[in-house]
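Hello,

Here is the structure we talked about. Please open it first; my notes follow below.

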Amino acid sequence: MAAMPKPSESSEGGKATVLLGAQWGDEGKGKLADVLSGQMDVCARCAGGNNAGHTIVAHVGPDKVKTKFDFHLLPSGLVNPRCAGFIGSGVVVHIPSFFAELDTLEKKGLNCEGRLFLSDRAHLVFDFHQVVDGLKEVELGGSSIGTTKKGIGPAYSSKASRSGLRVHHLYDPDLFATKFRKLVEGRFKRYGHFEYDTEGEIARYKAFAERLRPHIVDGVSFIHAALANKRRVLVEGANALMLDIDFGTYPFVTSSSTSIGGVCTGLGIPPTAIGDVIGVMKAYTTRVGMGPFPTELLDDIGNHLQEVGAEYGTTTGRRRRCGWLDLVMMKYSCLINGYTSLNLTKLDVLDGLKELKIATAYFKDGKELPSFPADLEVLAQVEVQYKTLPGWEQDITGATTYEELPENCRAYVEFIEGFLGVKIEWIGVGPARESMIHRA
(Lines give C-alpha, C1' and ligand atoms only; values in the text may rest on other atoms or scores of the structure.)
Protein backbone atom coordinates (compact mmCIF):
# COMPACT_ATOMS: atom_id res chain seq x y z
CA MET A 1 0.00 0.00 0.00
CA ALA A 2 1.19 3.55 -0.67
CA ALA A 3 2.92 5.36 2.16
CA MET A 4 0.83 7.40 4.57
CA PRO A 5 1.86 10.67 6.22
CA LYS A 6 2.90 10.46 9.85
CA PRO A 7 0.13 11.14 12.36
CA SER A 8 -0.07 14.48 14.10
CA GLU A 9 1.28 14.61 17.66
CA SER A 10 -2.16 15.62 18.94
CA SER A 11 -3.83 12.72 17.13
CA GLU A 12 -6.78 11.19 18.96
CA GLY A 13 -7.57 8.94 16.00
CA GLY A 14 -9.85 5.98 15.66
CA LYS A 15 -12.91 7.81 14.32
CA ALA A 16 -13.49 9.96 11.26
CA THR A 17 -14.83 13.50 11.48
CA VAL A 18 -17.48 14.03 8.80
CA LEU A 19 -18.38 17.33 7.13
CA LEU A 20 -21.69 17.30 5.22
CA GLY A 21 -23.78 19.81 3.31
CA ALA A 22 -27.09 20.19 5.13
CA GLN A 23 -29.19 22.02 2.53
CA TRP A 24 -29.12 22.03 -1.30
CA GLY A 25 -25.35 22.37 -1.61
CA ASP A 26 -23.08 25.39 -1.99
CA GLU A 27 -23.12 25.99 1.78
CA GLY A 28 -19.42 26.87 1.91
CA LYS A 29 -18.11 23.52 3.14
CA GLY A 30 -14.68 24.25 1.71
CA LYS A 31 -13.72 26.87 4.27
CA LEU A 32 -14.36 24.65 7.30
CA ALA A 33 -12.75 21.72 5.48
CA ASP A 34 -9.70 23.94 5.06
CA VAL A 35 -9.71 24.96 8.73
CA LEU A 36 -10.16 21.39 9.98
CA SER A 37 -7.71 19.78 7.54
CA GLY A 38 -4.92 21.73 9.22
CA GLN A 39 -5.34 19.28 12.11
CA MET A 40 -5.88 16.20 9.94
CA ASP A 41 -3.71 13.48 8.41
CA VAL A 42 -6.20 12.39 5.73
CA CYS A 43 -8.97 14.27 3.91
CA ALA A 44 -11.29 11.85 2.09
CA ARG A 45 -13.99 12.13 -0.57
CA CYS A 46 -16.71 9.45 -0.43
CA ALA A 47 -19.31 10.31 -3.13
CA GLY A 48 -20.00 12.36 -6.24
CA GLY A 49 -17.38 13.37 -8.76
CA ASN A 50 -16.02 16.55 -10.29
CA ASN A 51 -19.50 18.07 -10.03
CA ALA A 52 -18.50 19.28 -6.56
CA GLY A 53 -16.95 22.70 -6.02
CA HIS A 54 -14.93 24.17 -3.16
CA THR A 55 -12.96 27.41 -3.34
CA ILE A 56 -10.17 27.88 -0.82
CA VAL A 57 -7.72 30.75 -0.39
CA ALA A 58 -4.42 29.73 1.21
CA HIS A 59 -0.87 31.00 1.58
CA VAL A 60 1.59 28.69 -0.19
CA GLY A 61 5.31 28.37 -0.77
CA PRO A 62 8.23 29.80 1.20
CA ASP A 63 6.98 33.34 0.51
CA LYS A 64 3.45 32.48 1.70
CA VAL A 65 1.81 33.82 -1.42
CA LYS A 66 -1.97 34.24 -1.09
CA THR A 67 -3.44 31.85 -3.66
CA LYS A 68 -6.97 30.84 -4.67
CA PHE A 69 -7.62 27.14 -5.29
CA ASP A 70 -10.73 25.65 -6.88
CA PHE A 71 -11.36 22.02 -5.95
CA HIS A 72 -13.83 19.86 -7.85
CA LEU A 73 -12.75 16.22 -7.69
CA LEU A 74 -9.69 16.29 -5.45
CA PRO A 75 -10.05 16.56 -1.65
CA SER A 76 -9.57 20.18 -0.56
CA GLY A 77 -7.48 19.06 2.44
CA LEU A 78 -4.55 18.93 0.03
CA VAL A 79 -4.10 22.64 0.79
CA ASN A 80 -2.53 21.46 4.05
CA PRO A 81 0.94 20.20 2.98
CA ARG A 82 0.98 17.43 5.59
CA CYS A 83 -2.50 16.11 4.83
CA ALA A 84 -3.07 13.22 2.41
CA GLY A 85 -6.01 13.32 0.00
CA PHE A 86 -8.03 10.15 -0.58
CA ILE A 87 -10.74 9.54 -3.20
CA GLY A 88 -12.90 6.66 -2.03
CA SER A 89 -14.70 3.85 -3.82
CA GLY A 90 -18.05 5.68 -3.90
CA VAL A 91 -16.68 8.52 -6.02
CA VAL A 92 -16.92 8.44 -9.83
CA VAL A 93 -13.68 9.68 -11.37
CA HIS A 94 -13.03 11.42 -14.69
CA ILE A 95 -9.31 10.76 -15.10
CA PRO A 96 -8.58 13.70 -17.48
CA SER A 97 -10.17 16.05 -14.89
CA PHE A 98 -8.19 14.34 -12.10
CA PHE A 99 -4.91 15.20 -13.81
CA ALA A 100 -6.02 18.64 -15.03
CA GLU A 101 -6.96 19.62 -11.47
CA LEU A 102 -3.77 18.11 -10.03
CA ASP A 103 -1.61 19.93 -12.59
CA THR A 104 -3.33 23.25 -11.83
CA LEU A 105 -2.78 22.84 -8.08
CA GLU A 106 0.90 22.06 -8.55
CA LYS A 107 1.42 24.98 -10.98
CA LYS A 108 0.05 27.23 -8.24
CA GLY A 109 2.71 25.95 -5.85
CA LEU A 110 0.92 23.09 -4.07
CA ASN A 111 3.15 20.01 -3.96
CA CYS A 112 0.91 16.92 -3.92
CA GLU A 113 3.57 14.31 -4.63
CA GLY A 114 3.11 11.15 -2.57
CA ARG A 115 -0.06 12.32 -0.82
CA LEU A 116 -2.94 11.88 -3.27
CA PHE A 117 -4.54 8.44 -3.37
CA LEU A 118 -7.41 6.86 -5.32
CA SER A 119 -9.35 3.70 -4.50
CA ASP A 120 -9.01 0.90 -7.03
CA ARG A 121 -12.77 0.27 -6.66
CA ALA A 122 -13.84 3.77 -7.80
CA HIS A 123 -15.85 3.84 -11.01
CA LEU A 124 -14.67 5.78 -14.06
CA VAL A 125 -16.43 8.63 -15.84
CA PHE A 126 -15.66 8.78 -19.55
CA ASP A 127 -16.12 11.58 -22.07
CA PHE A 128 -19.03 9.70 -23.65
CA HIS A 129 -20.80 9.85 -20.26
CA GLN A 130 -20.57 13.65 -20.52
CA VAL A 131 -21.99 13.59 -24.05
CA VAL A 132 -24.86 11.40 -22.84
CA ASP A 133 -25.43 13.76 -19.89
CA GLY A 134 -26.16 16.58 -22.34
CA LEU A 135 -28.34 14.38 -24.54
CA LYS A 136 -30.42 13.32 -21.53
CA GLU A 137 -30.99 16.96 -20.56
CA VAL A 138 -32.18 17.76 -24.10
CA GLU A 139 -34.46 14.72 -23.93
CA LEU A 140 -35.99 15.93 -20.65
CA GLY A 141 -36.71 19.36 -22.14
CA GLY A 142 -38.78 21.53 -19.82
CA SER A 143 -38.32 19.17 -16.86
CA SER A 144 -34.52 19.42 -17.01
CA ILE A 145 -32.86 18.38 -13.74
CA GLY A 146 -30.12 21.02 -14.02
CA THR A 147 -27.18 18.62 -14.23
CA THR A 148 -23.63 19.99 -14.41
CA LYS A 149 -23.14 17.85 -17.56
CA LYS A 150 -20.01 16.32 -16.07
CA GLY A 151 -21.24 12.81 -16.85
CA ILE A 152 -21.87 11.98 -13.20
CA GLY A 153 -25.42 10.62 -13.58
CA PRO A 154 -24.65 8.46 -16.63
CA ALA A 155 -21.55 7.07 -14.87
CA TYR A 156 -23.63 6.09 -11.84
CA SER A 157 -26.18 4.59 -14.24
CA SER A 158 -23.42 2.41 -15.72
CA LYS A 159 -22.43 1.44 -12.19
CA ALA A 160 -25.98 0.54 -11.16
CA SER A 161 -26.56 -1.47 -14.34
CA ARG A 162 -23.35 -3.40 -13.62
CA SER A 163 -21.77 -2.37 -16.92
CA GLY A 164 -19.39 0.26 -15.55
CA LEU A 165 -15.61 0.19 -15.50
CA ARG A 166 -13.59 0.67 -12.32
CA VAL A 167 -10.04 1.92 -11.75
CA HIS A 168 -8.62 -1.59 -11.45
CA HIS A 169 -9.93 -2.45 -14.93
CA LEU A 170 -7.32 -0.09 -16.38
CA TYR A 171 -4.63 -2.66 -15.56
CA ASP A 172 -6.16 -5.46 -17.63
CA PRO A 173 -5.88 -3.76 -21.06
CA ASP A 174 -7.65 -6.45 -23.10
CA LEU A 175 -10.59 -6.71 -20.70
CA PHE A 176 -10.79 -2.91 -20.44
CA ALA A 177 -10.90 -2.52 -24.25
CA THR A 178 -13.60 -5.18 -24.63
CA LYS A 179 -15.82 -3.77 -21.89
CA PHE A 180 -15.27 -0.20 -23.06
CA ARG A 181 -16.32 -0.95 -26.65
CA LYS A 182 -19.43 -2.74 -25.40
CA LEU A 183 -20.32 0.18 -23.12
CA VAL A 184 -19.99 2.74 -25.91
CA GLU A 185 -21.99 0.59 -28.35
CA GLY A 186 -24.77 0.41 -25.79
CA ARG A 187 -24.93 4.21 -25.67
CA PHE A 188 -24.99 4.43 -29.48
CA LYS A 189 -27.99 2.07 -29.51
CA ARG A 190 -29.77 4.19 -26.91
CA TYR A 191 -29.00 7.73 -28.16
CA GLY A 192 -28.01 7.28 -31.79
CA HIS A 193 -24.50 7.40 -33.20
CA PHE A 194 -22.84 10.55 -31.81
CA GLU A 195 -19.26 11.49 -32.73
CA TYR A 196 -16.83 9.61 -30.51
CA ASP A 197 -13.38 8.06 -31.11
CA THR A 198 -13.69 4.76 -29.23
CA GLU A 199 -10.30 3.35 -30.21
CA GLY A 200 -8.59 6.68 -29.55
CA GLU A 201 -10.04 6.68 -26.03
CA ILE A 202 -8.82 3.14 -25.36
CA ALA A 203 -5.29 4.23 -26.34
CA ARG A 204 -5.56 7.40 -24.22
CA TYR A 205 -6.61 5.47 -21.13
CA LYS A 206 -3.72 3.06 -21.57
CA ALA A 207 -1.40 6.06 -21.17
CA PHE A 208 -3.45 7.43 -18.26
CA ALA A 209 -3.13 4.08 -16.49
CA GLU A 210 0.64 4.37 -16.20
CA ARG A 211 0.54 7.93 -14.92
CA LEU A 212 -2.22 7.01 -12.46
CA ARG A 213 -0.46 3.96 -11.02
CA PRO A 214 1.41 5.74 -8.14
CA HIS A 215 -1.89 7.13 -6.83
CA ILE A 216 -3.83 3.84 -6.65
CA VAL A 217 -4.47 1.97 -3.40
CA ASP A 218 -6.80 -0.70 -2.09
CA GLY A 219 -9.28 1.82 -0.75
CA VAL A 220 -10.70 -0.30 2.07
CA SER A 221 -7.25 -1.26 3.38
CA PHE A 222 -6.06 2.35 3.07
CA ILE A 223 -8.81 3.98 5.12
CA HIS A 224 -8.89 1.26 7.76
CA ALA A 225 -5.11 1.42 8.15
CA ALA A 226 -5.41 5.18 8.68
CA LEU A 227 -8.03 4.72 11.39
CA ALA A 228 -6.24 1.77 13.04
CA ASN A 229 -3.02 3.79 13.21
CA LYS A 230 -4.91 6.68 14.78
CA ARG A 231 -4.51 9.06 11.89
CA ARG A 232 -7.02 11.87 12.06
CA VAL A 233 -9.43 11.51 9.14
CA LEU A 234 -11.74 14.19 7.77
CA VAL A 235 -14.49 13.07 5.37
CA GLU A 236 -15.42 15.91 3.04
CA GLY A 237 -18.96 15.52 1.77
CA ALA A 238 -19.92 16.61 -1.75
CA ASN A 239 -23.24 18.21 -2.71
CA ALA A 240 -25.70 18.05 0.21
CA LEU A 241 -28.55 16.18 1.90
CA MET A 242 -31.32 17.70 -0.23
CA LEU A 243 -29.50 16.45 -3.35
CA ASP A 244 -29.27 12.89 -2.02
CA ILE A 245 -30.57 10.23 -4.44
CA ASP A 246 -32.83 8.72 -1.73
CA PHE A 247 -33.70 11.61 0.58
CA GLY A 248 -33.38 14.72 -1.58
CA THR A 249 -36.00 16.47 -3.72
CA TYR A 250 -36.09 13.63 -6.26
CA PRO A 251 -35.69 13.78 -9.24
CA PHE A 252 -33.92 17.14 -8.85
CA VAL A 253 -31.01 15.47 -7.11
CA THR A 254 -27.54 14.14 -7.81
CA SER A 255 -26.92 10.44 -8.48
CA SER A 256 -25.09 9.45 -5.30
CA SER A 257 -25.74 9.11 -1.59
CA THR A 258 -24.74 12.49 -0.17
CA SER A 259 -25.97 11.65 3.34
CA ILE A 260 -24.14 10.07 6.27
CA GLY A 261 -24.98 6.69 4.72
CA GLY A 262 -22.82 7.57 1.71
CA VAL A 263 -19.83 7.96 4.02
CA CYS A 264 -20.06 4.30 5.05
CA THR A 265 -20.79 2.93 1.58
CA GLY A 266 -18.38 5.27 -0.20
CA LEU A 267 -15.38 4.58 2.02
CA GLY A 268 -16.11 1.07 3.27
CA ILE A 269 -16.19 2.00 6.95
CA PRO A 270 -18.80 1.02 9.57
CA PRO A 271 -20.94 3.56 11.48
CA THR A 272 -18.83 2.86 14.57
CA ALA A 273 -15.84 4.45 12.79
CA ILE A 274 -17.63 7.82 12.59
CA GLY A 275 -17.11 10.43 15.30
CA ASP A 276 -18.28 14.03 14.94
CA VAL A 277 -20.73 14.82 12.13
CA ILE A 278 -20.71 18.52 11.29
CA GLY A 279 -23.54 19.87 9.15
CA VAL A 280 -22.80 22.97 7.09
CA MET A 281 -25.73 25.34 6.52
CA LYS A 282 -26.07 28.85 5.17
CA ALA A 283 -27.77 31.55 7.22
CA TYR A 284 -30.31 31.60 4.36
CA THR A 285 -31.22 29.04 1.67
CA THR A 286 -30.00 28.61 -1.91
CA ARG A 287 -30.40 26.03 -4.63
CA VAL A 288 -29.56 25.66 -8.32
CA GLY A 289 -31.50 24.10 -11.13
CA MET A 290 -35.19 23.29 -11.22
CA GLY A 291 -37.56 22.07 -8.52
CA PRO A 292 -39.82 23.52 -5.79
CA PHE A 293 -38.23 26.01 -3.39
CA PRO A 294 -40.77 27.05 -0.71
CA THR A 295 -38.85 30.04 0.74
CA GLU A 296 -37.51 31.40 -2.57
CA LEU A 297 -37.40 35.19 -2.84
CA LEU A 298 -37.98 36.76 -6.25
CA ASP A 299 -37.63 40.34 -5.03
CA ASP A 300 -35.01 42.85 -3.90
CA ILE A 301 -34.12 40.76 -0.86
CA GLY A 302 -33.50 37.76 -3.08
CA ASN A 303 -31.28 39.92 -5.28
CA HIS A 304 -29.46 41.19 -2.18
CA LEU A 305 -28.71 37.63 -1.05
CA GLN A 306 -27.55 36.69 -4.54
CA GLU A 307 -25.26 39.69 -5.08
CA VAL A 308 -23.86 40.20 -1.57
CA GLY A 309 -23.48 36.45 -1.11
CA ALA A 310 -21.84 36.06 -4.56
CA GLU A 311 -24.20 33.19 -5.26
CA TYR A 312 -22.67 31.76 -8.42
CA GLY A 313 -21.55 28.13 -8.72
CA THR A 314 -17.83 27.26 -8.43
CA THR A 315 -18.20 24.42 -10.92
CA THR A 316 -20.79 25.84 -13.33
CA GLY A 317 -20.94 29.61 -12.76
CA ARG A 318 -24.74 29.30 -12.58
CA ARG A 319 -26.74 31.86 -10.60
CA ARG A 320 -28.18 30.32 -7.46
CA ARG A 321 -31.79 30.82 -6.44
CA CYS A 322 -32.01 32.44 -2.99
CA GLY A 323 -34.55 32.46 -0.17
CA TRP A 324 -35.10 32.71 3.57
CA LEU A 325 -33.63 30.11 5.90
CA ASP A 326 -35.83 26.99 5.92
CA LEU A 327 -35.79 25.16 9.26
CA VAL A 328 -38.43 22.64 8.17
CA MET A 329 -35.90 21.38 5.65
CA MET A 330 -33.06 21.65 8.19
CA LYS A 331 -35.01 19.63 10.79
CA TYR A 332 -35.40 16.88 8.19
CA SER A 333 -31.70 17.10 7.39
CA CYS A 334 -30.79 16.79 11.08
CA LEU A 335 -32.97 13.68 11.47
CA ILE A 336 -31.20 11.86 8.65
CA ASN A 337 -27.60 12.89 9.23
CA GLY A 338 -27.57 13.16 13.03
CA TYR A 339 -25.32 16.21 13.19
CA THR A 340 -23.34 16.57 16.39
CA SER A 341 -22.82 20.28 15.61
CA LEU A 342 -23.43 22.81 12.86
CA ASN A 343 -21.42 25.35 10.88
CA LEU A 344 -23.58 28.40 10.06
CA THR A 345 -22.03 30.15 7.05
CA LYS A 346 -22.45 33.54 5.38
CA LEU A 347 -24.14 35.14 8.38
CA ASP A 348 -22.60 38.46 7.29
CA VAL A 349 -24.68 38.42 4.07
CA LEU A 350 -27.69 39.32 6.25
CA ASP A 351 -25.94 42.41 7.71
CA GLY A 352 -27.87 44.97 5.68
CA LEU A 353 -31.37 43.60 6.21
CA LYS A 354 -33.80 45.31 8.58
CA GLU A 355 -35.99 42.24 9.11
CA LEU A 356 -35.31 38.53 8.81
CA LYS A 357 -37.67 35.61 8.33
CA ILE A 358 -37.15 31.95 9.15
CA ALA A 359 -39.46 29.18 7.88
CA THR A 360 -40.72 27.10 10.83
CA ALA A 361 -43.65 25.09 9.39
CA TYR A 362 -45.34 24.02 6.14
CA PHE A 363 -49.14 24.00 5.76
CA LYS A 364 -51.25 22.33 3.06
CA ASP A 365 -55.03 22.82 2.93
CA GLY A 366 -54.89 24.44 6.35
CA LYS A 367 -53.10 21.50 8.00
CA GLU A 368 -49.50 21.52 9.18
CA LEU A 369 -47.33 18.91 7.50
CA PRO A 370 -45.52 16.62 9.96
CA SER A 371 -42.23 16.75 8.05
CA PHE A 372 -40.59 17.65 4.75
CA PRO A 373 -42.81 16.02 2.07
CA ALA A 374 -41.61 13.42 -0.42
CA ASP A 375 -44.11 14.53 -3.08
CA LEU A 376 -42.82 17.55 -4.99
CA GLU A 377 -46.36 18.44 -6.07
CA VAL A 378 -47.18 18.88 -2.40
CA LEU A 379 -43.93 20.79 -1.75
CA ALA A 380 -44.75 23.20 -4.59
CA GLN A 381 -48.10 24.05 -2.98
CA VAL A 382 -47.19 24.47 0.68
CA GLU A 383 -47.88 27.66 2.60
CA VAL A 384 -44.87 28.59 4.70
CA GLN A 385 -45.14 29.77 8.30
CA TYR A 386 -42.39 32.22 9.22
CA LYS A 387 -40.85 33.49 12.41
CA THR A 388 -39.88 37.14 11.98
CA LEU A 389 -36.80 38.47 13.76
CA PRO A 390 -35.21 41.94 13.72
CA GLY A 391 -32.00 42.34 11.75
CA TRP A 392 -28.82 43.77 13.26
CA GLU A 393 -28.04 46.23 10.43
CA GLN A 394 -24.32 46.44 11.16
CA ASP A 395 -21.11 44.94 9.85
CA ILE A 396 -20.11 41.72 11.65
CA THR A 397 -17.14 40.78 9.46
CA GLY A 398 -14.66 41.99 12.08
CA ALA A 399 -16.09 39.84 14.89
CA THR A 400 -13.69 37.20 16.24
CA THR A 401 -15.76 35.91 19.17
CA TYR A 402 -19.43 35.08 19.58
CA GLU A 403 -19.79 37.76 22.25
CA GLU A 404 -18.75 40.44 19.75
CA LEU A 405 -21.77 39.75 17.56
CA PRO A 406 -24.73 42.15 17.94
CA GLU A 407 -27.54 41.04 20.24
CA ASN A 408 -30.02 40.57 17.38
CA CYS A 409 -27.44 38.51 15.51
CA ARG A 410 -26.94 36.20 18.51
CA ALA A 411 -30.72 35.93 18.84
CA TYR A 412 -30.90 34.72 15.22
CA VAL A 413 -28.23 32.08 15.89
CA GLU A 414 -29.84 30.94 19.13
CA PHE A 415 -33.30 30.66 17.59
CA ILE A 416 -31.88 28.25 15.01
CA GLU A 417 -30.12 26.23 17.71
CA GLY A 418 -33.24 26.04 19.85
CA PHE A 419 -35.45 24.97 16.95
CA LEU A 420 -33.08 22.28 15.69
CA GLY A 421 -31.72 21.15 19.04
CA VAL A 422 -28.16 21.14 17.63
CA LYS A 423 -25.27 23.35 18.71
CA ILE A 424 -23.95 25.88 16.19
CA GLU A 425 -20.24 25.40 16.81
CA TRP A 426 -18.82 27.36 13.88
CA ILE A 427 -20.06 30.70 12.46
CA GLY A 428 -18.83 32.21 9.19
CA VAL A 429 -18.80 36.01 9.30
CA GLY A 430 -16.94 36.79 6.07
CA PRO A 431 -15.30 35.28 3.01
CA ALA A 432 -11.75 35.14 4.41
CA ARG A 433 -10.35 31.92 5.88
CA GLU A 434 -9.92 33.58 9.28
CA SER A 435 -13.51 34.92 9.27
CA MET A 436 -14.78 31.97 11.27
CA ILE A 437 -15.92 32.11 14.88
CA HIS A 438 -15.48 28.89 16.86
CA ARG A 439 -17.74 28.39 19.88
CA ALA A 440 -15.91 25.80 21.92
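Arg 45 is buried, yet it has no salt bridge. The nearest side chain of opposite charge is Glu 236, 5.4 Å away. A salt bridge needs the nitrogen and the carboxyl oxygen within 4 Å. Bear in mind that this is a predicted model.

What does the side chain of Arg 45 reach instead? The backbone oxygen of Ala 47, at 2.8 Å. Arg 45 is found in strand 2, residues 42-45. Leaving aside neighbours within four places in sequence, its contacts include His 72, Phe 86, Val 91, Glu 236 and Leu 267.

Strand 7 (residues 116-119) pairs with strand 9 in the parallel sense, over two bridges. Ser 119 has Val 217 in strand 9 as its bridge partner.

Now the rings. The count of aromatic pairs comes to 22. One of them is Phe 126 with Phe 180: the centres are 4.9 Å apart and the planes stand at 80°, so the pair is edge-to-face. Phe 126 lies in the loop between strand 8 (123-124) and helix 3 (127-140), and Phe 180 in helix 5 (residues 173-191), so the pair ties together parts 54 residues apart in sequence. Phe 126 is buried at 0% relative accessibility. Phe 180 is buried too, with a relative accessible area of 0%. Ring pairs link both into a cluster, whose members include Phe 98, Phe 128, Phe 188, Tyr 196 and Tyr 205.

Best wishes

Conventions. Residues are numbered from 1 along each chain as its sequence is written. This is a predicted model: local features need pLDDT of at least 70, side-chain atom pairs count only at pLDDT 80 or more; totals for chains, interfaces and linings use all residues. Side-chain values use heavy atoms; hydrogens and water are left out. Helices (H or I, at least four residues) and strands (E, at least two) are DSSP runs, numbered from the N terminus. Buried means under 20% relative accessible area, exposed over 50%, partly exposed in between (1.4 Å probe, protein chains only). Lys and Arg count as positive and Asp and Glu as negative; His and the chain ends are not counted. A polar contact is a pair of N or O atoms within 3.5 Å; within protein, one must be able to donate a hydrogen and the other to accept it, and residues adjacent in sequence count only if both atoms are side-chain atoms. Contact means heavy atoms within 4.5 Å. Two strands pair if DSSP finds at least two bridges between them. Rings of Phe, Tyr and Trp (its six-membered ring) pair if their centres lie within 6.5 Å; planes under 30 degrees apart count as stacked, over 60 as edge-to-face and the rest as tilted.
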